[in-house]
Amino acid sequence: MSNIPASRQHDILTLIRQEGSVTVSLLAEQFSVSELTIRRDLDHLAKKGLVERTHGGATARRNLPVEPDYLQKASEYPQEKAAIAETVASFVEEGDTLYINSGSTTFEVIRAVASLEKRVTIVTNNIDAVYLCKESEHIRLILAGGIYRNRSHSVSGSLSSLIVSQIHANKAIIGVDGFSPSAGLTTPILEEAETTRAMIEHTVGKVFVVAASNKIGVVSNFKTVSLDQVDALVTDGKGAEIVQQMEIPESLEIIVATNTRSAV
């Protein structure tokens, strides 16, 4: 294999895409160069947004340029999402005001919070929250206005952000399309990024991200916030294993939904 830097980096990228992940020591041996040289190569590829750096190497970066249909998303990892929802709901306290954004995982979060029978206020752009909370006398539901998007079952945009800007929640529970150390939280829809960013910026307490393993290492078109604006990630066991290999902020807590079962 070539030891010309550009050619070697191309070969490294090809290998990462084939294998999914690589280690510095393995690449150094394979390309007959020092580990320092390989680290520089991986740093270069990471800066170009082609890979995600890990503690001992790198993983392939997965892209999500087009928003999946809501029903398609809802059918994926249902048991993992339910377990994640139950886990994050255990942190909800009587009297909380919660920001919860749109998504199939946060739909399960709203369901789990409603079942707690605690008096809480939910501020959301998830239209399906009406169905989940319509019989709940203990839930005060505030819907953020905006333009309705059937593909995500949500409203978003400048009107949503305007409403959100008038409320200060003490917890935010945020679903994502992509979770990446280098790119942060991302989504394929600009308006969704704006609304979710406003929720996070107007939270005076903890910000929880809820994401199954299929969202870890994914990068989409529009950035919501960096990971240093997130307090905790609630994920399944596989997701936790992936994240623990990544270079994430030390302050970011990883919470594993331990009752997760593999979807069938």
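Two strands pair if DSSP finds at least two bridges between them, and strands (E, at least two residues) and helices (H or I, at least four) are DSSP runs, numbered from the N terminus. With that in hand, look at strand β13, where V209 is the bridge partner of I174.

A quick word on what you're looking at. This is a predicted model, so local features need pLDDT of at least 70 and side-chain atom pairs count only at pLDDT 80 or more, while totals for chains, interfaces and linings use all residues. Residues are numbered from 1 along each chain as its sequence is written, and side-chain values use heavy atoms, leaving out hydrogens and water.

Strands of a sheet pair through backbone hydrogen bonds, either parallel or antiparallel. Here, seven strands make an open sheet with parallel pairing, in the order β7-β6-β5-β10-β13-β16-β17. At the edges sit β7 and β17 (253–256), each pairing on one side only. From one strand to the next, the twist averages 25 degrees.

Let's zoom in on β5. This strand pairs with β6 in the parallel sense over four bridges, and L98 has I122 as its bridge partner in β6. In a regular strand the side chains alternate between the two faces of the sheet. Both faces of β5 are covered: T97 and Y99 on one side, L98 and I100 on the other, are all buried (under 20% relative accessible area; over 50% is exposed and in between is partly exposed, using a 1.4 Å probe and protein chains only).

Helix α9 (residues 190–201) lies across β5, β6, β10 and β13, and runs at about 135 degrees to β13. Axes are lines fitted to C-alpha atoms, for helices over the stretch in contact, and angles run from 0 to 180 degrees between N-to-C directions.

**The three-stranded sheet**

There's also an open sheet of three strands, β11-β12-β15, with antiparallel pairing. Its edge strands are β11 (178–180) and β15 (222–223), each of which pairs on one side only. In this sheet, S180 stands opposite G184 in β12.

| Strand pair | Direction | Bridges |
|---|---|---|
| β5 and β6 | parallel | four |
| β10 (residues 169–175) and β13 (residues 203–210) | parallel | six |
| β11 and β12 (residues 184–187) | antiparallel | three |

**Two helices that cross**

Two packed helices are described by the angle between their axes and the distance between the axes. The axes of α5 (residues 78–89) and α6 (residues 104–114) come within 8 Å and cross at roughly 50 degrees. That makes α5 oblique to α6: under 35 degrees counts as roughly parallel, over 145 as roughly antiparallel, 65 to 115 as roughly perpendicular, and the rest as oblique.

Which residues of α5 and α6 make the contact? From α5 come K81, I84, A85, E86, V88 and A89, and from α6 come S104, T105, E108, V109, A112 and V113; contact means heavy atoms within 4.5 Å.

**Two loop residues**

Is G103 buried or exposed? G103 counts as buried because its relative accessibility is 12%. You'll find G103 in the loop between β5 and α6. G103 and G175 are 72 residues apart in sequence, yet 6.0 Å apart in space, C-alpha to C-alpha.

H138 is in the loop between α7 (129–133) and β7 (139–143). H138 counts as buried too, since its relative accessibility is 16%. Not counting residues up to four places away in sequence, H138 touches A114, E117, K118, R119 and V120.
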